[in-house]
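Hello,

Here is the structure I said I would pass on. My notes follow below it.

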Amino acid sequence: MELEDVCGCGCDEEEYAAMPIIGEPAPGFTAQTTQGELTLSDLKGKWVVLFSHPADFTPVCTTEFMAFAAIADELKALNVQLIGLSIDSVSAHLAWIHAIEEKMGVEIPFPVIADLDMRIASRYGMIHTGQSNTATVRTVFFIDDKGIMRAMIYYPLQNGRYMPEIIRLVKALQTTDAHGVSTPANWQPGEKVVVAPPKTVAEMKARPGMGYECKDWYLCFKSV
């Protein structure tokens with residue numbers, strides 16, 4: 001079937017931004033950064049939080065870079081490599097990082113990718129033409145230690161990100177992997193998690209003796 005038959009509007013495939021897929025390998029890349037060349041596949045064994053910002057020397061981005069710097073050590077302790085990106089040169093990144101340290105007293109400890117040709121931004125769906133043709137929206141990608149895309153968050157140009165949610169989601173994903181469980185709405189580290197629902201009558205009847213806190217046969221919680 002032709003694409004325009006699906007759309008019903010004569011639209012072209014190029015109008016759609018490429019998007020990574022949760023549960024599939026994250027798009028690979030090698031890029032120049034403020035800390036030298038970086039290849040994503042070399043980071044296997046670590047989790048990666050890759051985020052984009054619209055541009056250097058902009059107000060909201062400056063507040064975000066200081067906020068990301070503030071959580072960098074906590075992410076490192078969780079085996080996470082934090083990486084920034086925008087459609088700016090390494091020289092622009094370095095000048096901005098220097099200005100943040102000089103004017104704000106904050107050192108930026110993570111690498112920042114220079115993506116002047118928009119190659120990485122395009123592969124990750126960071127360019128949304130409803131916002132800008134030349135600046136990335138505020139994305140956050142969570143890539144696990146096997147190189148698999150696990151979660152994505154997109155914000156518009158005008159609104160800065162909430163750092164505690166980034167930390168919370170990393171911990172939620174790692175808890176899921178470590179214990180084979182899910183996390184409920186508004187979950188915070190240390191709170192009870194959700195047990196997978198039973199698949200058979202026998203499993204359902206066994207629930208009362210398993211020490212779970214059950215609200216119904218399919219909704220049970222436990223501590224980890």
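Glu64 is found in helix 2, where helices are DSSP runs of H or I with at least four residues, strands are DSSP runs of E with at least two, and both are numbered from the N terminus. This is a predicted model, in which local features need pLDDT of at least 70 and side-chain atom pairs count only at pLDDT 80 or more, while totals for chains, interfaces and linings use all residues. Residues are numbered from 1 along each chain as its sequence is written, and side-chain values use heavy atoms, with hydrogens and water left out.

Glu64 has a relative accessible area of 3% and is therefore buried (buried is under 20%, exposed over 50%, partly exposed in between, with a 1.4 Å probe and protein chains only). Leaving aside residues up to four places away in sequence, Glu64 touches Arg138, Asn159, Gly160, Arg161 and Met163 (contact means heavy atoms within 4.5 Å).

Met163 is also one of the buried residues of helix 5, which include Arg168 and Gln174. Helix 5 covers residues 163–179, and its 17 residues reach 25 Å from first C-alpha to last, close to the 24 Å expected (1.5 Å times one less than the number of residues). Its buried residues pack against several elements, among them helix 2 (59–77) and strand 6 (138–143). Just after helix 5, Gly180 has a positive phi of about 65°.

Tyr218 lies in the loop between strand 9 (213–216) and strand 10 (219–222). Tyr218 is partly exposed because its relative accessible area is 43%. Beyond residues up to four places away in sequence, Tyr218 touches Pro197 and Pro198.

Regards
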